[in-house]
Protein chains: 2
Amino acid sequence: MLFSDITLIDENFASQEHQWIGTIDGRIAYVGDTAPEDPARFGEVYPGHDRVLMPGLYNAHSHAPMTLLRGYAENLPLQTWLFERIFPFEAKMTAEDCYWATKLACAEMLRYGTVSFSDMYYHSRDCVRAVREAGMKCNMSDTLIAPQEKSYDEYPLAAANRAYLEELQGADDGRILIDFNVHAEYTTNPLSVRTLAKAAKEAGVRVQVHVSETHSEHEECKERHGGLTPVQYFDSLGLFDVPVTAAHCVWIEGEDFDILADRSATVAANPVSNMKLASGFAPIPRMLERGINVALGTDGCASNNNLDMFQDLYVLALVCKGAASDPTLISPSQALRIATRNGALSQGREDCGLVREGMRADLVVLDASGPSWHPTGDAASHAVYAGHGADVVLTMVDGRVLYRDGNWTTVDVEEAKAHVEAAKQRILQDL
Amino acid sequence: MLFSDITLIDENFASQEHQWIGTIDGRIAYVGDTAPEDPARFGEVYPGHDRVLMPGLYNAHSHAPMTLLRGYAENLPLQTWLFERIFPFEAKMTAEDCYWATKLACAEMLRYGTVSFSDMYYHSRDCVRAVREAGMKCNMSDTLIAPQEKSYDEYPLAAANRAYLEELQGADDGRILIDFNVHAEYTTNPLSVRTLAKAAKEAGVRVQVHVSETHSEHEECKERHGGLTPVQYFDSLGLFDVPVTAAHCVWIEGEDFDILADRSATVAANPVSNMKLASGFAPIPRMLERGINVALGTDGCASNNNLDMFQDLYVLALVCKGAASDPTLISPSQALRIATRNGALSQGREDCGLVREGMRADLVVLDASGPSWHPTGDAASHAVYAGHGADVVLTMVDGRVLYRDGNWTTVDVEEAKAHVEAAKQRILQDL
């Protein structure tokens, strides 16, 4: 495809008007401010008038099957929310439910410009099946809950992970990646974490983990582990010997910043979920200042309640200013980089998340003709503050158009909706 | 029009499925859970499948012509933003600029379900002209800046306000209302405020005012006026003898809550603008607890940067939880009431803002067929947390459809965009 005379969010996340971008064989093959010499080799010409092209969004922390729990539990204290509403419902979810709920999640993500996501849930094989059918990318991890003092290998998850790796690692031209997972400090034991970290290092995989989401989790960890914060505790167990995506990090302090930066970990910020569950405001500007790779996640649909990353990056840009009482923090370009390139890096996808020749063609086109985009100005600012996820009119993954003008090319959304609706009714009757 | 078998956000802001709502002569003439006996009298039947009907949104604090400044000044400290960017630009804006920028604002508001707004800017006659042509409602106020110790009558605004009242008050079947205005404590003098309050009382009009938006404004007022906060200062000048909409109120304290509640003032909360400019988090839950009428505003497009009230009510519901560390605050129904009925009351429109027989037919229809709305559940929760302003497919004001399925019936959006674009270019060249 050749996007002609379009406004581009370029590799520096600055806005450039009148650009031509061509894709061939799933990669970006041309970026320039004049038309390429041989336009025919790119195939379809996409007219760029009133359109903005940018990298696709990377959702760095999600629980995709939780679309099934969207709006199921509102305005509750965290413990009530989790133990009386979320966990009992989840206990009734089957592998098939996870498949359909992930499929619905894929439809929603594609509609709002997300091309890839890092997920932690259960039934990874079935979740991955939905992602592969949708043609998206994911780093899928099956959640380790390890309350007893046993090594990782003694949990059934170890065998499951081996099977996932063998079957799925790098599938679909690398779109599918399997990560390992540690649910959190308070739901696992030190031996399980140490042995999982070792296994992850040997297998060359990344790890996703919840870290310091709530104040009580953070403080209780320190009580349990001789003053070690969750970051320090995990570091002491060797977890940061592999690339880690640490979700939340709302309450990290002191040395935590250095560990995350020095060990090249990613923090997946979840500003919407953190506000909805009243977990706190993460010190994102300080993380950025310290050089930590900050990416952006939606978290699950029970605490957001959608998968529109444009909403999350809008809230991110706002709340960093509000919480720190400093309106100069988080420029539009920074917010866009966090939601795209930094997410790709958190997934180990070096060749993704930037519009640059040679990179994977994971692209989003926004319709900038609506009143919110006028008068025209800095398209990066408009994309963050004025525009909407609903302005997405095209989502391309590895050069393939998966969503365009209200239509999904790979997902039967009506079918997914019907299955998810039926699953919810079945579970509600069974609770 | 007869909305048939539709999901309704009812007068208690609860979700009711399978409802019929009929409008006749600009009013809601039927609400029921069965079809009316004589459906033909309502005219067109609107199929309610996969649709949610709710009251139109009331934007309680805006500066509509500031669409012209959308994205013009980002990430700046407040004083730099205001004095080096906003004020010099505004000084170049003509009455005609305000007309076209308001027209663009009307298009944007209608597209996202807003039916009425309370505005403070300049060139009210020209702004109102745009609103009347759009068929919307507004409470328009021309800003009083009164730095010198003179009475209201000595300022040219007094004569202008008299003319506005004579020409425009109650125009278009009451859709157009003229309010008086006090910009803020720090931009006016006590005599001007006292005499304006008296004139407002005599004329029977409402007053719009900025109150305690920033910490420095609040503290400096106390220093200047013997410890009186802006609310207490204005109260001492008789301003609350008329119905007041006090925008922001981020830093109100102590007795301020009692004054606002007891004098039946409205607080127009602007959570997005307050975060973007890092002004602070308004104590909205405490206002509600004290019985203050809290409404919701976008503020101007230089500090938001759009007029999509659904985004603001989403942020409102989130940030109240986050700032108070309490996830139980602000239910979806509360958020919806704040953005609709409470706004209508702030404008003195008792017969607006609720879907109830006899009320004005100011209605919004949302398309609930998208993935974000599934599985189905509490439509109030979905409207606040999962849905988007872009899901609006119909906006009706006084029974007249002004926006539907991508088309505006009263505003030529391309014409408005072109004029606003030209105005911006002219002003930028002139700066």
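**View 1. The buried area between the two chains.** Together, chain A and chain B bury about 4800 Å², with 60% of this on carbon and sulfur atoms (buried area is the accessible area, with a 1.4 Å probe, that two parts lose on being put together, summed over both). N75(A), P371(A) and P375(A) supply 14% of what chain A buries against chain B, more than any other three residues. Please keep in mind that this is a predicted model, where local features need pLDDT of at least 70 and side-chain atom pairs count only at pLDDT 80 or more, while totals for chains, interfaces and linings use all residues. Residues are numbered from 1 along each chain as its sequence is written, chains are lettered from A in the order in which they are written, and side-chain values use heavy atoms, without hydrogens and water.

**View 2. Polar pairs across the interface.** Here you can look for 36 residue pairs in polar contact between chain A and chain B, both residues at pLDDT 80 or more (a pair of N or O atoms within 3.5 Å, one able to donate a hydrogen and the other to accept it). Zero salt bridges are found across this interface (side-chain nitrogen of Lys or Arg within 4 Å of a carboxyl oxygen of Asp or Glu).

**View 3. The two copies and their axis.** Chain A superposes on chain B by a rotation of 180° with 0.0 Å of shift along the axis, at RMSD 0.0 Å (least squares on C-alpha atoms of residues with pLDDT of at least 70 in both). The two copies are thus related as by a two-fold rotation axis. Among the residues of chain A, A390(A) comes closest to that axis, its C-alpha at 3.1 Å.

Definitions and conventions: A polar contact is a pair of N or O atoms within 3.5 Å; within protein, one must be able to donate a hydrogen and the other to accept it, and residues adjacent in sequence count only if both atoms are side-chain atoms.
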